[in-house]
Amino acid sequence: MRIAVLASGNGSNFEALCQGVENKTIAAEIVLLFSDHRDAYVLERAKKHHINSESFELKEFDNKLAYEKALLEVLQTNKVDLLVLAGYMRIVGEELLSAFPNKIINIHPALLPAFPGLHGIRDAFEAGVKETGVTVHFVDSGVDTGPIIAQEAVEITKADTLETLEEKIHAVEHVLYPAVIAKIVKGDQS
Ligand code: GRF
C-alpha cells in the first residue's frame, strides 16, 4: 500500500508514522509528504527520512478546486492508495473525497464528537472536563465529523496545565496513529 501524508506544520505525527514504517509496524510505504505550507517544519522531517515531498499553497491558486486538482494530480502521479492527514489544517474538498472514498484518515486531539475544530486540546482544557483524548477517524466533508475508527482517553488532572495536557495528548497520538494505520494497511479496518 502506498501512503501519502498531508501535513501543515510541525509533523510530529508524520515522524511517528515514518518510524512505524521504518520499524516495520506499518507494512506500507510512505511515498509522499505533502504540505500546504512551503516553510513547514514537516518538510525537514521528510528530508531526514528520505521521503519524497511536495509543497504548494492554496493562495497560489485561483480557488480551492484548482488547488485540490493540482494536489490530486500529484497523488495520482505517485499512485497513492491511502491519504493520512497529520495536522493538515484544511477541510478536504469534494475533489479529493470522491477520488479517495473511505481512504482518507485523520487524527484529532479530542474525544470526538466533543471538541471538534482547530483547538481541540485547548477547548477541552478550558471547558474543565476531567477527560479528553485522541480520535482517529475517516474524513468526510464536515469538520472532524467522519466515522470514528479508534479513540483513546486521556485524563485531565488538577495538576495539568495546557502545556502538560498537550504533551500527554501528543504522546498518545504518536502511539495510537501508527497502530491504527498499521491495522488499516493489514485490512483489519478500512
Ligand atoms: C495533532 O495534535 C493532531 O491531532 C492535529 O494536529 C496536530 C498536529 O501535530 N490534527 P503534528 O504536526 O503532527 O506535530
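I will start at the ligand: one of its oxygen atoms is 2.7 Å from a polar backbone atom of Gly11. That is a polar contact, meaning a pair of N or O atoms within 3.5 Å; within protein, one must be able to donate a hydrogen and the other to accept it, and residues adjacent in sequence count only if both atoms are side-chain atoms. This is a predicted model, in which local features need pLDDT of at least 70 and side-chain atom pairs count only at pLDDT 80 or more, while totals for chains, interfaces and linings use all residues. Residues are numbered from 1 along each chain as its sequence is written, and side-chain values use heavy atoms, with hydrogens and water left out.

In Ser12, a side-chain N or O atom is 2.5 Å from an oxygen atom of the ligand. In Asn10, a polar side-chain atom lies 3.2 Å from a ligand oxygen. On its own the ligand has 360 Å² of accessible area, and the protein covers 87% of this (Shrake-Rupley method, 1.4 Å probe; for residues, only the protein chains shown count as cover).

Which residues surround the ligand? They are Asn10, Gly11, Ser12, Asn13, Gly87, Ile107, His108, Pro109, His170 and Glu173, where near means a heavy atom within 4 Å. By class, this shell has two nonpolar, seven polar and one charged residues. Ala, Val, Leu, Ile, Met, Phe, Trp, Tyr, Cys and Pro count as nonpolar, Asp, Glu, Lys and Arg as charged, and the others, Gly among them, as polar.

Next, the pocket. The ligand takes up the space of the largest pocket. A pocket is an open set of points on a 1 Å grid over the protein atoms alone, where a 1.4 Å probe fits, with protein on both sides within 12 Å along at least five of seven lines; lining residues have an atom within 4 Å of a point. A molecule sits in it if more than half of its atoms lie within 2 Å of its grid points. The lining has 14 nonpolar, 15 polar and six charged residues. H6 gives the largest share, four residues; helices (at least four residues) and strands (at least two) are DSSP runs, H or I and E respectively, numbered from the N terminus.

Last, the backbone. Leu112 and Pro113 are joined by a cis peptide bond, with omega about 10°. Pro113 is in the loop between E5 and H5.
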